[in-house]
Amino acid sequence: LGTMTGGVTVSVPAMAGRLLCIRPVPEHPWPLSTDLHVTQGGMELTGVSWDAQARALSGVAQRPGESGHVVIYVPDDFAASAVSVQGEALGPEMADERVLRIPMAFDGRPVPWRVEF
């Protein structure tokens, strides 16, 4: 739905559900969500930190044998220059101009990730 202020109206058909991610807009890149768990990062992301001097966001993701994405909010003054997952370089995959998607594959072990801006 994008960035907004005030309220939002969401239509939910019978026998269906909608999951919204409502977060304050950060001043620097930060995880917005994942497509791995209903908590959208609450269960599968740990050790997330922003290094202002290095302009790098990093963390660890863990899931039992699944694949999905960590979704990062990228403010106007930032652009992803390097993405790595388990030390392997990936090209930045922008879902739109402010949203970076990091693909992940899991085998039960923790997966470290890092984005440089």
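This is a predicted model: local features need pLDDT of at least 70, side-chain atom pairs count only at pLDDT 80 or more; totals for chains, interfaces and linings use all residues.
Two strands count as paired if DSSP finds at least two bridges between them, and the strands themselves, like helices, are DSSP runs numbered from the N terminus, with at least two residues in state E for a strand and at least four in state H or I for a helix.

Residues are numbered from 1 along each chain as its sequence is written, and side-chain values use heavy atoms, with hydrogens and water left out.

Back to the sheet. S7 and S8 pair in the antiparallel sense over 3 bridges, and a hairpin of 2 residues joins S7 to S8. These two strands belong to an open sheet of 4 strands, ordered S1-S4-S8-S7 with antiparallel pairing, and its edges are strand S1, residues 30-34, and strand S7, residues 93-96, each of which pairs on one side only. On average, neighbouring strands of this sheet are turned by 40 degrees against each other, direction ignored, where the axes are lines fitted to C-alpha atoms, for helices over the stretch in contact, and angles in general run from 0 to 180 degrees between N-to-C directions.

Moving across the sheet, S4 and strand S8, residues 99-105, pair in the antiparallel sense over 7 bridges, and Ile72 has Leu100 in S8 as its bridge partner.

Now the side chains. What do the side chains of Arg101 and Glu93 form? They meet in a salt bridge at 3.1 Å, N to O, the term meaning a side-chain nitrogen of Lys or Arg within 4 Å of a carboxyl oxygen of Asp or Glu. Arg101 is partly exposed at 27% relative accessibility, and Glu93 is likewise partly exposed at 32%; buried here means under 20% relative accessible area, exposed means over 50%, and partly exposed lies in between, with a 1.4 Å probe and protein chains only.

The structure holds 5 salt bridges, and among them is the one between Asp107 and Arg109, at 2.5 Å, N to O. Asp107 is partly exposed at 47% relative accessibility, whereas Arg109, at 54%, is exposed. Another joins Glu116 and Arg114 at 3.2 Å, N to O, and here Glu116 is partly exposed at 33%, as is Arg114 at 32%.

Finally, the aromatic rings. There are 3 aromatic pairs in the structure, where rings of Phe, Tyr and Trp (its six-membered ring) pair if their centres lie within 6.5 Å, and planes under 30 degrees apart count as stacked, over 60 as edge-to-face and the rest as tilted. One of the pairs, Trp50 with Phe78, is edge-to-face, at 5.7 Å centre to centre and 80 degrees between the planes. This pair links distant parts of the chain, 28 residues apart, with Trp50 in strand S2 and Phe78 in the loop between strand S4 and strand S5, and both Trp50 and Phe78 are buried. Trp50 also forms a tilted pair with Phe117, at 6.0 Å and 55 degrees, which again links distant parts of the chain, 67 residues apart, since Phe117 lies in the segment after strand S9. Phe117 is buried as well, and Trp50, Phe78 and Phe117 form one aromatic cluster.
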